[in-house]
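The exercises below concern a structure with its sequence. Please work through each task before reading its solution.

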Amino acid sequence: MRFVLRRLGFFLVTLWAAITANFVIPRLMPGNPALAMMSRYRGHINPQALHALEIAFGVKTHQSLLSAYFTYLGNVFRGHLGISLTFFPDPVLHDVLQALPWTLALIGSTTILAFVLGTLIGLVGAWRRGGILDSVLPPIFVITSAFPYFWLAMLSIWLFSLKLGWLPQSGGYDIIDTPAWSWHFIHDAVVHSILPALTILVTSIGGWILTMRNNAISVLTEDYVRMARAKGLSPWRVMWTYAGRNAILPNLTGFAMSLGFVVSGAILVEFVFNYPGVGWMFLQSVENQDYALMQGLFLIIVLAVLTAILAADAATALLDPRTRDVR
Amino acid sequence: MSASSIGATDQLATPPIGPKPLVAEVGGGRLGDIWRAISRNRKAVAGLLLLLVFVVVSIFPGQIAPDDPTAQTYPPALGPSWHHLLGTTSLRQDIFSQLIFGTRLSLVIALAVGAIATVLAVLIGVSAAYLGGIADGILSLVTDVILVLPIFPLIIVITAYRKNSGLFMLIIVLGVLGWSYGARQLRSQALSLRTREFLESARVRGERRLYVILFEILPTMTSLIVATFLGSALYAVLAAAGLQFIGLGDPNSQSWGTMLYWAQSNEALFAGMPWWALAPGICLALLGAAFALLNYAFDEISSPALRVRKLERSRIPGRLPSPADTTPAVAPDRSVLKVEGLSVAYATDAGPVVAVDNVDLDVGRGEFLAIVGESGCGKSTLLYAIARLLGAPLPGEIIGGRVLFQGQDLVLLEERELRRVRWRDLSVVMQSAMNALNPVLTVAEQMRDACRAHSKMSKAEIEERSREVLRLVSIDPVHLHSYPHQLSGGMRQRAMIAMALLFTPDLVIMDEPTSALDVVAQRSLMVQIKELQERLGFAVIFVTHDMSLVSHFSDRLLVMYAGQVAELSSTRELFDRPRHPYSQGLLEAFPSIRGPKVRLLGIPGSPPDLAHPPAGCRFAPRCAHVQPRCTEGEVPLSTVNGSVVRCVLAEEGH
C-alpha cells in the first residue's frame, strides 16, 4: 500500500509542477506576449472571466504574485481554464473535453497495443537468443525508433492515400458525417484512424521491443530461471512465469518514463493527419496565439500521461509482491 | 537505453560463480577498452561512419553543394535531373543544396544539446548519489518530475510565447529539459559504485570529495556518460526537427526541419515534389539512426550479456573429435551417477576457454561427495554441466564426455527427455535462495509448479506434500504461502532444500548452499542435510570452497584445481594423508579446533588463467615441491591406495 500511496504523492507533485510551470512561464517572458491576446478578449467576455485570464497570464493585476498564484490554483482545480479564442466563446474546458476522447482512443489504444506487442516480441526474442527474430528485429527497430514521427506520417499519407488510395488522408471522420454513436460513424472513424495508428505503432514499438529484450536477457541469467529449468518445468512456463513476469517489471518503469516521448510524437502525428484530438488542437492554439486554450491542453496532456503512469505503477504493484509489503 | 542494463552490468562484474577469465574481460569503462570494443562492434562502426559523413558535410557544405541554398532562381517544382539531383522546390530553390546546407544546423543542435544535457545529467546524477540524504531526495524528485513531464509539449508552450527566438534559445531549452533520463541512470550507477572497495579506500586515504568524483568515479562511468550524450543528442535531433516542422523554429534558417515545414505548407508530396519532403526526412532518420546505433552498441559494450558469442570448437587446443564410445551407457549398480571425461568450454572474446577439463567421478547410492576448490576452479561449471543447466550466466558448452545417470547419458538427452529426469530423480539446490527463488511467486506456487510438471497430484495433495517437506526442514508450514522476500535468509535456504526433496530424488546437487549464511546457521543446516540424507537415502554432490565445513559430513572429497581433478579420495584419507600439494595447501589454510597450535599457511599466488593454462602440472607455478619434470608434460592421474591423485610425487608416497 505504501508504494501506491508514494506514487500517488508523486503524481500530485508532478501535476503541481506542471500547473506552476503554466503560471510562471508567461510571467518570465519579456514583454508579456499574453497582452496582445488579452486585448482581443476585451469587451467580448464578461469582466469576471477577463479577470481570471488576467490572473492566469499575469497581465496588469493588482494582486500580489502569491495571492494571484493561489487564485490561479483555485481556478484550475475548479476547471476554470478560461475562454478559447480559437473557438470563441467556448470555455477552454469544453474544447479540451471534446478533443480528449479522440486522442484517448487513438493514442491510448495504440500505445497500449505497441507496449503489449513490443513486450511480447522482446521477450520471445530474448528467449530465442540468436534466432531470426532476435538477430533481424533489433537492428531494424533501432533505426525505426530514430524516425521522426511526423515524417513517417507524411510518408504514409503519400504512399497509402495518395499513391495507393487505400485509406483517407486526413481528419478523424468524413466531413460529410456528423459525430454520433452509429455504426456508420464508428466505422468511418476507425478507417480514418488506421494510418495515424500505424504510424505511431511503427515508431514506438521499437523502443519497447529493445528494452524488454534487454531486460529479459538479464533476467534469463538469474538463478531463479535456472532453478525453473532444473525443476523440469515446461519452457512455456519458464518463459512466462519466471522470465517474463520478472522482466516486465523494469519495462513497466520504462513505460512510465518513455510515455512523454511517445505522446510528443503523437501530437505531431495528429497535426499531420489533421486528426481532431488534443495534439492537433494544441498546435492550432499555438498558431492562433490562443494561450488559454494552449495551457488548458498542456494540462490535460500532463494529466493523461500521469494517469497512464499511475496505471503502470498499479500494474507493477499487482505483479510484484515486494512493492505491496510495507517496509 | 534501458534502465535495467545498469543493474545487469553490476551483476556481471561480480558474478557469484563462473570462471575468472570471463570476469576480467567485462568492459571496464576506461577509454582505451571502450575504443577497442567499439572497433569490434559492427553497429558501432556503422553508426560512427554515418556520423562522420554528416560531420564532413556540415563542415564543408559550400564545397559539396552545387548551388546556393537560398537562391530562388530556378524553375519551380522540377523533378530530379542532372542539374538538380533532387529537383527544385515550388519556391524555386535547389533541394539538394538545401539538404547539404541543412546538415550543419541539425548536427550543431544535436551536439550542443547533447553536451549541455550530459553535463547537467552528470552534475545532478553524481551529486545526488554522492551527497545522499535530503539532497539526494530533492534532486531525485526533481529528476523524476522532469522525466515524466511531457517535455516536448512544454517546449512548445515555452517557444509559443517566444516565437522565432533563435537557435541559442532552442538549444538552451532542449538542453535544460533533456538531462533527466541520463541523470537517473548515472545516479543509480554512481550509487552502486559508492560502496565499491576502491572508493572506500580513497575515502580512507582522506582524498578530497571533488578529487574522488573527478578521478575515481567519473572514469568508471565513461560508457554510461557516452550513452547519455548519444541519447540526448538523438532526442535533440527529433525534438528540434519537430519544432521547426510546426513552424516554431526560425523559418529562414537552413535546416532539415525547416525544409519539412516548407514542404508541408506547400504540399510538396501532393504537388509532385516528393523529394522536398522525403530527402530531409531520410537525412533526419539517418542522423538519428547514427546516434541510435551508437547508443545501442554502447549498451551492448557496457553489458556484455547482450552479446552472443559462438564457441569455436576448432580453436580448442589439443582436442580432436572424440571417437565414438562403445562401452554401454549403463552405470554400475552401486553408483547413482558416473561422469566420464567431462569437458566444458566457454566462448570468450579471446577464444574458447576450457573451464572443466576431462573430469571423471562417480557417486554411490546415498553417498555424500564434496567437491572443493578455490573460486574459479570450475567446480560450479562442473556441477551445472552434470545437471545439464549450462547457459547464461554460465554459457559453457559440454565439449566431450558422458554423464551416466539412471542408465542414460544425460549429455545426449534432448531438453524434453531431460525434463522427465529433472527434479523427480535429480534436483538442485543453489548458492543463494534469495536469487534462486522466484521473487514474484509464493513458496507454495513454486512447489506447485514442480509438482504439476512431474505428477498428477491434486491441489490438496500438492498442498499436503508441500507442508510435509517444509516440516522436514523444520519450517512451520504457515510460511508456505509467503513470498521469498518475507522469509529470513536461513528459512529461504531451507525452503529451497525442502523444494528439492518434493519427490525424494536419487541425487541432490548442492552448489554452496550454506555460503550465504552465518557460521552457526551453516552448521545447523549441514547437520540437517546430513540427517535428511541418511533418513531418505539420496546421494549428494556438495560443492564448497570451505573444506572444514564438509569435513564431518562428506564420505569422499574431490579437490579441483584449474578445471581438473587434483585429488579424489575418502574424506578421512584426504584429511590424514593429503597427497596433492594443493590439497595440503588447502588443509593448512584453516585451523584445526583440537589439534596443536600451528602457523596457518595459505597458498601463495593465484589460480592460472584458464585461457592460457601452464604446460604440464597446472599447480606447478604455486607449488613448493615443483620439479623440472612437473612442467614437461601433462601429468596423468595415478591411483595410490584407493586415492586418485594428479601429481608426479604421489607414487613415491610423498
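The exercises treat the chains, their interface and selected side chains in turn.

The model is predicted: local features need pLDDT of at least 70, side-chain atom pairs count only at pLDDT 80 or more, and totals for chains, interfaces and linings use all residues. Residues are numbered from 1 along each chain as its sequence is written, chains are lettered from A and ligands numbered from 1 in the order in which they are written, and side-chain values use heavy atoms, with hydrogens and water left out.

**Exercise 1. Describe chain B in the corresponding terms.**

Step 1. Chain B has 25 helices and 12 strands.

Step 2. Of its 654 residues, 56% are buried.

Step 3. Among contacts in chain B between residues at least 6 apart in sequence, 68% join residues at least 24 apart, where contact means heavy atoms within 4.5 Å.

**Exercise 2. Characterise the interface of chain B and chain A.**

Step 1. The size of an interface is often given as the accessible area lost when the parts come together. Chain B and chain A bury about 7700 Å² between them, 72% of it on carbon and sulfur atoms; this buried area is the accessible area (1.4 Å probe) that two parts lose on being put together, summed over both.

Step 2. The contact involves 85 residues from chain B and 86 residues from chain A.

Step 3. One salt bridge is found across the interface, with B:Asp449 and A:Arg237 as its partners at 2.6 Å, N to O. A salt bridge is a side-chain nitrogen of Lys or Arg within 4 Å of a carboxyl oxygen of Asp or Glu.

Step 4. On the side of chain B that touches chain A, the largest share, 13 residues, comes from helix α15 (residues 274–302) of chain B.

**Exercise 3. Which salt bridge does B:Arg556 form with B:Glu367, and how are the partners placed?**

Step 1. The closest N and O atoms of B:Arg556 and B:Glu367 are 2.5 Å apart.

Step 2. B:Arg556 lies in strand β9 (residues 556–561) of chain B and B:Glu367 in the loop between β2 (351–364) and β3 (368–372) of chain B, 189 residues apart.

Step 3. B:Arg556 counts as buried because its relative accessible area is 18%, and B:Glu367 is likewise buried, at 12%.

Step 4. Salt bridges that share partners join B:Asp362, B:Glu367 and B:Arg556 into one network.

**Exercise 4. Is B:Gln493 buried or exposed, and what does B:Gln493 touch?**

Step 1. B:Gln493 is found in helix α21 (residues 489–500) of chain B.

Step 2. B:Gln493 is buried, because its relative accessible area is 2%.

Step 3. Not counting residues up to four places away in sequence, B:Gln493 touches residues including B:Met430, B:Pro513 and B:Leu525. A polar atom of the B:Gln493 side chain lies 3.1 Å from the backbone oxygen of B:Met430.

Conventions
Helix = DSSP H or I, 4+ residues; strand = E, 2+ residues; numbered from the N terminus. Buried < 20%, exposed > 50% of the residue type's maximum accessible area, 1.4 Å probe, protein only. Polar contact = N/O pair within 3.5 Å; in protein donor to acceptor, adjacent residues only side chain to side chain.
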